[in-house]
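Open the model in a viewer and keep the selection panel at hand. The stops below each give something to select and say what is there.

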Amino acid sequence: MAALNRLIALTACGVALSATLADAADRKAAQQQVDFGIRVARQGLWREATYRWERAVQLDPTYAAAYNNLAVAYEQAGALDKAKQAYQKAAELDPKNASIKQNIELFEEINDRASRKDPQ
Amino acid sequence: MRAARILSSVAAAFLAGACAAASVVEVPVETPIKPKLDASAFDRVYVAGFLAGGEEDVDANIETVRLLRSQLRNKASLRVIEADVLPLMDAAAGAQEGGAATAQTPLAAIREEKDLEPYEKVFERKDYWKKIGDEYQGPLIVTGSVIFVPHQRSGYVQREQETYDAFGRRSVVPTRTYMDRKGYILKPKFIFIDGRTGETLHTETFREEVLYNAEQSTPALSAYFELMDRLLPSFLATLSSQSIKGTRMLIR
């Protein structure tokens with residue numbers, strides 16, 4: 001019985017370890033996409049950057065930086081609704097990040113201006 | 001030993017700072033903003049005229065028509081129709097009476113916003129706007145109302161005062177002083193009408209105010225232009241796409 005318990009515990013540890021390793025591999029791959037995206041965005045290649053950051057959030061949906069950068073790319077493309085969603089996700093994942101907060105403040109100014117409607 | 005510990009903590013702090021700096025990259029962005037009104041069905045715009053009132057030194061109707069036409073000529077893709085400014089007050093008086101305006105129709109002066117109410121029915125007269133539209137082959141019509149009124153407010157104002165100490169060193173100290181201030185309030189309402197049907201497509205209202213030191217003599221016309229300057233980008237954003245430049249932080 002004790003041997004069985006030990007086996008179960010070992011299997012659970014193995015599963016947890018392999019999951020952690022897989023997460024780490026996804027995060028690393030996502031980081032590579034984010035880095036590449038930043039490099040091309042600095043050259044003005046925003047479409048390529050958008051593709052990279054979309055890939056990054058697919059690889060690691062808990063990566064706040066990828067969502068933040070994706071939101072910036074959507075802003076640059078004028079896709080304000082998508083930018084809003086991506087900023088919200090970034091802030092949800094990393095609520096204390098000052099750069100995300102600053103981007104959101106600047107974005108909201110533009111978004112308010114663009115969506116300002118008068119009651120008829 | 002202690003010196004080595006301090007040195008290592010300074011190095012660690014420096015490294016941490018360098019890493020943090022490297023993990024954030026500031027990039028310039030240019031956000032395109034779509035026009036609020038889809039004016040693709042029109043190739044011409046007619047800034048018809050405005051119900052105007054308030055300050056007597058400024059003809060807010062004529063000045064607004066002139067200013068908007070010149071801005072649209074330079075910054076919008078629509079061709080601007082150069083035609084006489086509509087006598088909108090007469091048409092509004094006609095609407096009030098339920099028929100065409102006559103020489104006998106008394107026109108009450110518009111001094112403030114509430115005086116506009118009875119006149120504003122003219123904007124609902126689709127037949128009137130369609131007739132105007134037919135004259136100019138169905139353009140987009142820009143009309144509305146402009147209230148430009150003097151205004152004054154007294155109270156404490158925070159100002160920065162320069163002071164010099166005994167050694168001639170300059171410093172700036174914020175001080176609160178009681179001031180009488182005079183200025184103006186500008187309240188335009190822009191109405192965009194489809195010249196083919198007479199229907200209102202979009203409405204935009206604004207409110208801007210400016211206050212000057214009571215001793216300063218600022219002509220009403222320059223205050224009018226100062227206030228219009230503030231809201232022109234928003235007015236133009238209704239008809240043409242704009243892009244807003246800024247910077248954002250990319251993070252790793």
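This is a predicted model: local features need pLDDT of at least 70, side-chain atom pairs count only at pLDDT 80 or more; totals for chains, interfaces and linings use all residues.

**Stop 1: a hairpin in chain B**

Select E5(B) and E6(B): the two strands form a hairpin with five residues between them. In the turn, B:Gly198 has a positive phi of about 85°. Now extend the selection to the whole strands, residues 170-194 for E5(B) and residues 200-205 for E6(B); they pair in the antiparallel sense over five bridges. To see the pairing at one position, pick B:Lys189, which stands opposite B:Thr205 in E6(B).

**Stop 2: two helices in chain A**

Move to chain A and select helix H4(A), residues 80-93, together with H5(A).

Which residues of H4(A) meet H5(A)? Show the side chains of A:Leu80, A:Ala83, A:Lys84, A:Tyr87, A:Ala90 and A:Ala91.

**Stop 3: where the chains touch**

Finally, display both chains and select the contact between them, with 20 residues from chain A and 19 residues from chain B. On the side of chain A that touches chain B, helices H1 (2-42), H3 (64-77) and H5 (98-115) each supply at least two residues. The residues on that side of chain A comprise eight nonpolar, eight polar and four charged.

Conventions. Residues are numbered from 1 along each chain as its sequence is written. Chains are lettered from A and ligands numbered from 1 in the order in which they are written. Two residues are in contact if their C-beta atoms, placed from the backbone, lie within 7 Å. Helices (H or I, at least four residues) and strands (E, at least two) are DSSP runs, numbered from the N terminus. Ala, Val, Leu, Ile, Met, Phe, Trp, Tyr, Cys and Pro count as nonpolar, Asp, Glu, Lys and Arg as charged, and the others, Gly among them, as polar. Axes are lines fitted to C-alpha atoms, for helices over the stretch in contact, and angles run from 0 to 180 degrees between N-to-C directions. Two strands pair if DSSP finds at least two bridges between them.
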